Amino acid sequence: MPEVILSVVGARPNFVKLAPVCRALAGRRQVRHLIVHTGQHYDAEMSDAFFRDLGVPQPDWNLGVGSGSHARQTAQVMERLEPVMLEQRPDVVMVYGDVNSTLAAALVGAKLGVKIGHVEAGLRSHDWTMPEEINRIVTDRVADLLFTPSRDANDNLRREGVSPDRIHFVGNVMIDSLVWALPRARRLAPAARLGLATDEYVLATLHRPSNVDDPGTLGELLRGLADAAGTRPVIFPLHPRTRARIQASGFEPPAGLHLINPVSYLEMVGLVADAKLVITDSGGVQEETTYLGIPCFTVRPNTERPITCREGTNRLIPPRRDAVRSAALDGAQPSSRPPVIDRWDGKAAERIVAVLCDGAELA
């Protein structure tokens, strides 16, 4: 059994994946679990609030890396994390997801000879223009324990020649956090506070550079949402990156298109759960809507979570005005029983900790 486990997180999706693992490790008194926040997402409004919402202890270290180019950010995480690892000498370093902090921590641990566990291993978009795809593949290459969220992730790793004894099919920790958060999120009733009823509105979340950095593409998406808002309310919480681009464009939202400030994790879960449909470019939202049985339209040419399209409620759409308008106005399907996906059951973290601490896999 490891005595010291060091979790490294840097961005808000990482925090959501860390939370259930942190709770599961809290029950193992023989294990000292330490948390490093790289500071890749550094604003208190959007980062500290996630820790509070998720019941995660404040990090033991904050490296304060901040924003920057991919190379600069990755290099700074490596430079600032190495002394922490040398001082603490963890038995296992846990990394989460596919952000620059994930790759940097995996590289530092591998070069120091520390065992690496990767939560959400094996996901592939097969799109090498995505920096996240490079992060995923390199992290999986150097990691010792590959904790996969779905069987297609297992298949991806096997095709890449990964030894089966490194692969552990544990399920989806994002769903662990969703199951834990849903009762709390519903009590907040965020849509009602905006004067909107359940199953009445469209929820939009857009932040990827491919969608918001090019003025022409962003304009198409905004016009599509504005068209939809003439018939059905649209709630659009703005990522700081998206807000800056919209302000630069001079776009004036029409009545019915609610551009709101970033919301906490619990508020976002509440908004997703009560939406009629969701338009997004977020990976995690694709999974949450699938679990909840809510129609989701993902503004991307591909997804590293194809199971949400094959077995869930997700569809890919292009970043065009007509596609967004059609999805928002015609895309909602009658409610039905949400799909059941193997090991998306709220127990993925328990399976991860069983592998870490007992060397055994749980069913």
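Student: In α5, which residues are buried?
Tutor: Buried means under 20% relative accessible area, with a 1.4 Å probe and protein chains only. In α5 that covers E133, N135, R136, I137, T139 and D140. Keep in mind that this is a predicted model, where local features need pLDDT of at least 70, side-chain atom pairs count only at pLDDT 80 or more, and totals for chains, interfaces and linings use all residues. Residues are numbered from 1 along each chain as its sequence is written, and side-chain values use heavy atoms, leaving out hydrogens and water.

Student: What do the buried residues of α5 pack against?
Tutor: Contact means heavy atoms within 4.5 Å. Helices (H or I, at least four residues) and strands (E, at least two) are DSSP runs, numbered from the N terminus. The buried residues of α5 pack against β4 (92-96), α4 (100-111), β5 (115-119), β6 (145-148) and α6 (151-159).

Student: How do I read the pair α7 and α13?
Tutor: Two packed helices are described by the angle between their axes and the distance between the axes. Axes are lines fitted to C-alpha atoms, for helices over the stretch in contact, with angles from 0 to 180 degrees between N-to-C directions. Here α7 (residues 173-188) and α13 (residues 283-292) have axes that come within 10 Å and cross at roughly 60°. On α7, the contact is made by M174, I175, L178, V179 and L182; α13 brings G284, E287, E288, Y291 and L292.

Student: And what does G346 touch?
Tutor: Leaving aside residues up to four places away in sequence, G346 touches I175, D176 and V179. G346 sits in the loop between α15 (321-330) and α16 (348-358).

Conventions
Buried means under 20% relative accessible area, exposed over 50%, partly exposed in between (1.4 Å probe, protein chains only).
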